[in-house]
Each structure stands twice: as C-alpha cells, then as structure tokens.
Amino acid sequence: MATRTTAVPTGAVGTAQRALRGGRVSGWRVLPFLGPAFVASVAYIDPGNFATNIAGGAKFGFTLCWVIVAANLMAMLIQTLSAKLGIATGRNLPEVCRENFSRRTSIGLWIQAEVIAMATDLAEFLGAALGFHLLFGMALFPAALLTGVVTFAILGLQRLGLRAFEAVIVAFIATIGACYLAELWFAHPPLGTVAFHAVRPQFAGSESVLLAVGILGATVMPHVIYLHSALTANRVVPSNEAEAKRLYRYTKIDVVIAMSIAGLINMAMLVVAATVFYGSGLPDIESLEGAWRTLEPVLGGAASTLFALALLASGLASSTVGTLSGQVVMQGFINRQIPVFVRRLVTMLPALIVAAIGLDPSRTLVISQVVLSFGIPFALIPLVWFTSRSQVMGTLVNRRTTTAVAAAIATCISALNVFLLVQTFGLA
C-alpha cells in the first residue's frame, strides 16, 4: 500500500487518528473508529428485508432462521473486504476499477451501477413513504413528497461533519432495533425454538427453498459495497503499514458490531412474523401493509405502530445512504460528480411516479429487488479480485483462505440471484 500522510483532524476522527499513531486516548479506544459499518449496515435492514423476512416467518415459521444467520456471516466478510480496500488504497472500489480497467469497461460498470442505484432507491423511498402512510394515514403521494423533504434534511447534516451524519444513521438503527425489541416483548416467541432453528439448516418444501434464495440473494447490496470502501478510504488515514494493520483491526470490530445488530434486527423481523402469523389461520401476509393491518388485532395497536415506525426509520435511513452511494459510483467510475441534492431529486422521480399513478408499493418494491440482483456480481467479483492482489493491497492483501472463502461466497450469491431471476420471470 502507498504511504499517506495527513494532518490530524479534530473531534472523534482526530481522536481515532491519534490512537492510530500511538497517542494517549481516554475511554474505549475503539469508539472513535466506529461509524462506517453502521452506515453500510442500513442496507441490510431496508424495506426489502422487511418484505422477505416477514414472508419467511409467516409462511414457514422459524424454519428459515438459519438463513438469516448464514446471510449475516457472508455480509460480514464482504463488508470487511470493502472496508479493507478503502484503507489499503485510499480509494473506493469504483475508483480502483477505473484505474485498472479500460474506459469502456468502467463506463459499462457505471451505467449498470446507476440503474441498480435507482432500483435500490425506489424500494427504500417507497418504504419510507409507506411508513408515513401507515403511521399518519397520509395518501402515498404526499407521503412520498414528505419523504423527500426529510431525506434532504438528513443529507444536509453532512455540512456539520461526517460524525453528525453517522450519529443520525445510528439513531435510525437504534429506533428500528428498539421497535423490534418491543415487538418481541409483545409476541413472546419461544426463544429455545428460535435458537435451535438458527443453527440447524433445513427447508419445508420447494417454496421455502425459493424464499431462502430470496433472503440469501438479497444479502449483499452492491451499492454499499461501493460505499463502504469510500467511507473508510480517507476517514482515518494510516501513515505506514503498522498503522494500516492496526486500523484494519479496529475496522473489523466496527463491521462485526454493526452487522451483528443488523442481523439481530433481521432475525427479530422473521421471528415476530413466525410467532404472530404462522399457523394462526390468518390470511396470507402478502404485503407490508397487510402485515401492519394484521398485527393490530393480534398484538394490539402499539405493535402495529411500532412496525410502521420501524419501516419509516428503515426507509429514511436507507434512502439517504443510497443517495450517497450514487455519488460514489459516479465519482469513482467516470470521475464526474453532481450536487447531491440534484441526485436526490433525480432518484426521487421514479418513486413519485409510482405513488402518483397508484401502483402497489409492495409489489413495486419486490420488482425493484429483482432488478437490484443484476448488479451484485459486478460489485462482488471486482472486490474479491482486487483484495487478493498484493499490487493493490500491499500488506493488507487477503490470505489465500480468505480469498477462497470470499470467492465461494461471491459465486454462491451470484448463482442464487440468477436462480431467483429465472424463477421470478418464469423461465424455469
């Protein structure tokens, strides 16, 4: 890796920089390094996850708990590699692609990444709008407009510094977690049964296999693979290889904590759905709105309100993070940049059109997730390739075992997404 030098900033990031250089730091040394993985983890608890997890629990009970565990372990490794690429190179994944691939290839990667970013943002934006709709009874179009106003305000927090933005995202994650912790309290799931199914792989027929593929196939979001490398590229800058290794150790802690929280929230989604809906004789839960409507007579009004609040927090946070990812994609692949608020306006348009013409938001969300799956191999394969090359990574190059496991995961997730696409379009 190239040696980089930088002035030590003030605030929490400055504290992290001093800790990296061996200065005395009060409190827990790891705290200033936490943040980037929490921003990335938002993609793992977005409205698309709500849909798949609730469907899994409602249709098959606790059977697919192990899929959540497996998916989360895969995500931890992939996000760790993305963060490590940023630390080792000081550049994000799209920039590294641009420097190592031909211009034609880079433009092609940029175009597909922009399409995926728009599909991702459509799902997240609609999720937030649906949250406003469920909480306050607003029509979907005004709810979508309000979502745009709020996300503009959140993006504006970047002017106060990176740490302020990270704090808001962490607050959203805490809100989602608190809502689902309360949902678990209302539902009283059998924790022993949950623990058993979390470690025992099994299926309940061919339909459960397809739904498991949907959960696993949507595990790794291409836009946060790009974003995570950008978040770590120059946040805390190592000046030598020893500091880079130390920073990487702290970064792994950040990833494990953030992704564990996201995994527990996903597990809570499935467990609550399994406890409340599975085998209850209630109608099938085919939409997020249907799940919200059914919660109230079963667990009470507070439970349905918590569900809507969690969905709103998820949509707002993930939509904001998606906009930042779009900036990274454009800047990295083609070395161009537009104001973030212009990008926000452009990516809002598809969601506003969907809300205005009255399309089913849950169905649109599912379709957007299918489109998103096209982009996963284009992010995963370059990531594994570059992190395995010592010319790019220097001392932080992957071990052979890490590369083998990452390559297997990339192959598995890519194949599962192809299978999901084939099944979705009825070609098999």
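Is E166 buried or exposed, and what is its relative accessibility? In this predicted model, E166 counts as buried because its relative accessibility is 3%, under the 20% limit.

**View 1. The salt bridge between R235 and E166.** The closest N and O atoms of R235 and E166 are 3.1 Å apart. The pair connects distant parts of the chain, 69 residues apart: R235 belongs to the loop between α11 (222-233) and α12, and E166 to helix α8. R235 has a relative accessible area of 9% and is therefore buried, and E166 is buried at 3%.

**View 2. The salt bridge between R91 and E99.** Two salt bridges are present in the structure; in the one shown here, the closest N and O atoms of R91 and E99 lie 2.8 Å apart. R91, at 28% relative accessibility, is partly exposed. E99 is likewise partly exposed, its relative accessible area being 44%.

**View 3. The second largest pocket, with a volume of about 370 Å³.** Its lining comprises 19 residues, and S260, G263, L264, I265 and M267 lie nearest the centre. Helices α4 (65-89), α8 (162-187), α9 (191-199) and α12 (241-277) each contribute at least two lining residues. The largest share, eight residues, is supplied by α12. Classified by type, the lining contains 15 nonpolar and four polar residues, with no charged residues.

**View 4. Helix α6, residues 103-136.** The 34 residues of α6 reach 49 Å from the first C-alpha to the last, close to the 50 Å expected at 1.5 Å a residue. G137 follows α6 and has a positive phi, near 70 degrees.

Methods: Residues numbered from 1 in each chain as written. Predicted model: local features only at pLDDT ≥ 70, side-chain atom pairs only at ≥ 80, totals over all residues. Heavy atoms only, no water. Helix = DSSP H or I, 4+ residues; strand = E, 2+ residues; numbered from the N terminus. Expected span 1.5 Å × (residues − 1). 1 Å grid on protein atoms, 1.4 Å probe; cavity = no way out; pocket = protein on both sides within 12 Å on 5 of 7 lines; lining within 4 Å. Points joined across faces, edges and corners; volume = space filled by probe spheres on them. Nonpolar A, V, L, I, M, F, W, Y, C, P; charged D, E, K, R; others polar. Salt bridge = Lys/Arg side-chain N within 4 Å of Asp/Glu carboxyl O. Buried < 20%, exposed > 50% of the residue type's maximum accessible area, 1.4 Å probe, protein only.
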